[in-house]
Amino acid sequence: MKIINDLCLIWRNPKFYLLFLLLVISLLIPFFQISIYLMHVLILTFFFIGYSSSWNLLAYSGQVSFGHAAFLGIGAYVTTLFTIQTSLPFIGILMGAIVSAFVGFFIGLTCVRLREWFLALVTFGFSIIMIALTIELDWLTGGTLGLTVPKLFPSINQYQYYFYYYYVMLTLAVFLVLLFHFITRSKVGLAFAAIRENESEAKATGIDVVKYRLLAFTISAFFTGLMGAFYAHFIGYINHQIYSPENSFWPIIISVIGGLATLEGPVIGSLLRFLIYEFLRIIEPWVRTIGPGMVTIYPKMQVLLFGAILVVVIILMPKGIAPWLRKFLMSGR
Amino acid sequence: MVIRLALAISFPILIQIVIWGLIVGCIYVLLASGLNLIFGVMKVVNFAHGEFMILGGYVSYWLSILTGLNPYFSIFLSMVVVGVIGVITERVCFHQVLGTSKLNELILSLGLIYVLQNAMSILWTDYPVLIDSPFKNMIISFGIVSMGLDWLIVIGITVLIMVGFYILIRRTKIGRAMRAASQNRVAAMLMGINVEHINMLTFGLGTALAATAGTLLAITTSITPYAGEIPALKAFTIIILGGLGSPVGAAVGGLVYGLVESGAVTVLGGTWRDAVGFIILILALIIRPTGLFGEKEI
């Protein structure tokens, strides 16, 4: 009943119309014969929406992980190994998510009593340990050479594969955002928010802090593993690089720029990331005319720009773009 | 692994492990001490500390290339340069988020990692850089133990700087002000200490210590713009294990950690270099969630 009630209320929310418009546009995009490169980037954008949303759910409960790539990688490796053995990719993806959730539960168990930056260090360390473990167990994981991941479904050519995968990722992203919408609206979500705002007060009101923190960790790890599995089938190749710190840091950058612990934050952040990268790509020929050295420097300047945006956002508007955008939309009504 | 373990037990290799552990340990001591100072006084968690270390290495590299200065003298110049950059960073970035949530500091330092790494990569490319020491080929041997003169100087400089650091913290007025600010900021302010100045000085001193570590790293092995990220987090591991805010813990912890890492690399192989510290950290935090020795004042 609560869900139906929520759905009725959603019509009054101006945010909804914006999201609806975005959804319609993204459903129609593949029919415009866009280049395979743009297709790739858009699929990755949806991947980042799902991945960052999973990360953000953990942040919603006040726990900030600096090593979510570990769960991403576990999901990816489990589905790859399972699919190679049995050629049943969808069961493999589910297995990946479950194993990831299982590992997440145990990492959460070591983290529940830690303060926030110990937690960041432990999760980061865990992703580094996973790198070493993956290289060491090369008979299983292929070591640094990595593994070729079977396709999720057969297709005539790359473009057709991307065409279908586009909808797979879009569905996933929308599903995760909606799911997290309902989770944050539920009693569980309220408990998460209470723990984030003030742990001791949450404890005083009778919330089982350990239980809810573990729950947040497990849910987040489950969906991160799921996204990792879908990512592996999309890219078609994995090695230990999937555990790299960059993969752990992207959801942080995206969520913080969009809005930490808000539902729309990851969506805004991912879209912004996409737009900034596309803008930088469009102006690239112009930048190249500055000097021959720009070819090697330009990609680094792009990453530097994202670091600088992160610094500016955290100093000037620590809550990210989402609250600002919300206020803007509300005032327009 | 068993063969590697058997090899490690033999005496000459054990000596090599210890010597290499001491060298690596020296770098960790300097890095962890700077980090510990910043954390102890300002309670700031700066994950970008390793980038200041690498920056120090590159500044020394530039000084020794451009002016032909002996790299061991350029350490002191690069300390000043990186210290000034550290003070600016404190003013522009960390000062703005001080006193808000720890999360903001973490994410701010994450952004700084990206900014500094890529700025260094643009300035000095991605190729590993090694500072040429004039004593490169000199080897000193004591009986069966033989080591490069460079390594001896590295240990000597670390001891020198740590002694100077200790005197600064324990024997001077500035050091007393820092310790006061570490114990109680409000009370320190009421006693007429300008806490903002102390913050700037602390951050500058901490990053200067990191710059020393970076120069020594560039002399003994080599540096790339991305080499600082993981050592900084290992240094956090060290100060958590050694007791947060405890200078002795940071120094002893750094040395012990260097030896442990050196041993682990020999026994388990280079793959585990970065993982070992974090395994120890996770095990320690399972036993004591607040760190092995809790929190102390400088």
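User: What are the ground rules on pLDDT here?
Analyst: The model is predicted, so local features need pLDDT of at least 70 and side-chain atom pairs 80 or more, while totals for chains, interfaces and linings use all residues. Residues are numbered from 1 along each chain as its sequence is written, with chains lettered from A and ligands numbered from 1 in the order written.

User: What does chain B average?
Analyst: Chain B averages a pLDDT of 89. That score is the predictor's confidence in each residue, from 0 to 100.

User: Which element of chain B scores lowest?
Analyst: Helix α1 (residues 2-9) of chain B, with a mean of 63. Helices are DSSP runs of H or I, at least four residues, numbered from the N terminus.

User: Switching to the interface. How many residues of chain A are in contact with chain B?
Analyst: 34, against 37 residues of chain B. Contact means C-beta atoms, placed from the backbone, within 7 Å.

User: Which helix of chain A gives the most?
Analyst: α6(A), with 13 residues.

User: How do α15(A) and α4(B) cross?
Analyst: Their axes, lines fitted to C-alpha atoms over the stretch in contact, come within 9 Å and cross at roughly 45°.

User: Which residues make that contact?
Analyst: A:V311, A:I314 and A:I315 of α15(A), and B:C93, B:Q96 and B:V97 of α4(B).

Methods. Helices (H or I, at least four residues) and strands (E, at least two) are DSSP runs, numbered from the N terminus. Axes are lines fitted to C-alpha atoms, for helices over the stretch in contact, and angles run from 0 to 180 degrees between N-to-C directions. Two residues are in contact if their C-beta atoms, placed from the backbone, lie within 7 Å.
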